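Here is a set of questions about how structural terms are applied to a model. Each answer sets a value against a definition.

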Amino acid sequence: MTNGTSPRLVWKDDEHLRINDVDFHLSVDTAELQVGKSTTDSFLLGKPRQMVEDSARKGEGERFRKIFEMGILQGGSMAMYDQIFSPEKIVAIEHVNDPVNILANYIATHGRSDAVKPYYGINQADRPAMEKILSTEFPDRDIDFIVDDASHLYDETREAFNICFPYLKSGGLYVIEDWAWAHWSGDYWQKDNAYFSGRQAMSNLLVELFMLTASRPDFIKDILVEPSVISIRKGYGGLPGGKFDIGDHYLLRGRPFKAWL
């Protein structure tokens with residue numbers, strides 16, 4: 001892919017995709033994503049067809065040269081972004097320690113060892129570990145596209161935003177996936193489950209981002225809200241030096257924000 005155009009997505013059906021010479025099996029089944037594995041024949045990709053097509057469209061008309069992703073899982077999304085955007089560099093982190101061997105094989109067979117760099121055993125809210133990776137891989141703070149598909153938890157996602165946003169270039173795109181889990185229908189989402197039980201909704205972060213957009217449009221130009229994805233376009237003003245925290249920059253008539261959802 002060059003000059004802001006996307007490769008052809010070849011769909012066998014809604015769950016089976018080929019991009020160039022790489023095959024993907026799509027699934028949004030929670031149980032399958034917890035135990036499923038990528039194989040030598042096909043990457044497991046935890047996204048619906050619409051999200052993949054939307055991702056491809058995001059790159060039309062602009063060049064995502066440098067990408068940072070949170071959440072590797074079975075390597076499907078990292079391989080997908082590499083095939084769609086052909087970036088100069090794509091770096092991803094995963095909190096699980098065990099490397100994805102299929103992804104390592106993909107990197108080797110496609111000659112992408114200098115461009116595709118996964119890091120394992122990294123918590124997205126671990127500022128020292130994240131800062132070390134970001135400052136090493138993107139010392140010029142010029143990331144074009146950041147994707148958070150990691151914990152889907154409010155506190156962790158908020159802290160990851162605080163860490164990563166300063167590394168996004170002006171006009172760059174920051175995407176947070178699956179933000180709306182607290183509002184999805186079905187017992188799995190609306191009743192307690194092992195992972196999300198007692199957790200604050202990601203909607204709290206949207207409220208903070210909305211307030212930041214209103215208070216500091218030089219920080220955030222605009223936000224597109226979709227049922228499963230929010231896309232944040234960084235503004236063209238410079239961020240202050242030092243440790244960035246979203247809560248330091250929006251106005252709320254002197255009141256503190258409390259994540260009550």
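The questions below go from the sheets to the helices and then to single residues.

Q: What kind of model is this, and which residues count for local features?
A: It is a predicted model, in which local features need pLDDT of at least 70, side-chain atom pairs count only at pLDDT 80 or more, and totals for chains, interfaces and linings use all residues. Residues are numbered from 1 along each chain as its sequence is written, and side-chain values use heavy atoms, with hydrogens and water left out.

Q: Why are strand 1 and strand 2 said to pair?
A: Strands are DSSP runs of E with at least two residues, and helices are runs of H or I with at least four, both numbered from the N terminus. Two strands pair if DSSP finds at least two bridges between them. Strand 1 and strand 2 (residues 16-19) have four bridges, in the antiparallel sense, so they pair. The bridge partner of L9 in strand 2 is I19.

Q: What makes strand 1 and strand 4 edge strands?
A: Four strands form an open sheet with mixed pairing, in the order 1-2-3-4. Strand 1 (9-13) and strand 4 (43-45) each pair on one side only, and they are the edge strands. The twist averages 30 degrees from one strand to the next, where angles run from 0 to 180 degrees between N-to-C directions and axes are lines fitted to C-alpha atoms, for helices over the stretch in contact.

Q: Which strands are at the edges of the sheet of seven strands?
A: The order in this open, mixed sheet is 7-6-5-8-9-11-10. Strand 7 and strand 10 (220-225) each pair on one side only, and are its edge strands. Here the twist averages 15 degrees from one strand to the next. Helix 8 packs on this sheet, touching strand 9, strand 10 and strand 11 (229-234).

Q: Why is the crossover from strand 6 to strand 7 called right-handed?
A: The two strands, residues 89-94 and 116-120, pair in the parallel sense over five bridges. Between them the chain passes through helix 4 (residues 101-109). A crossover is right-handed if, with the strands pointing away from the viewer, the path from the first strand over the helix to the second runs clockwise. This β-α-β crossover is right-handed, so its path runs clockwise in that view.

Q: What describes the packing of helix 6 and helix 8?
A: Two packed helices are described by the angle between their axes and the distance between the axes. For helix 6 (residues 154-164) and helix 8 (residues 203-215), the angle is about 35 degrees and the axes are 9 Å apart. Contact means heavy atoms within 4.5 Å, and it is made by Y154, T157, R158 and F161 of helix 6 with N204, L205, E208 and L209 of helix 8.

Q: Why is S203 called buried?
A: Buried means under 20% relative accessible area, exposed over 50%, and partly exposed in between (1.4 Å probe, protein chains only). S203 has 8%, so it is buried. S203 is found in helix 8. Leaving aside its neighbours within four places in sequence, S203 is in contact with W179, H183 and L261.
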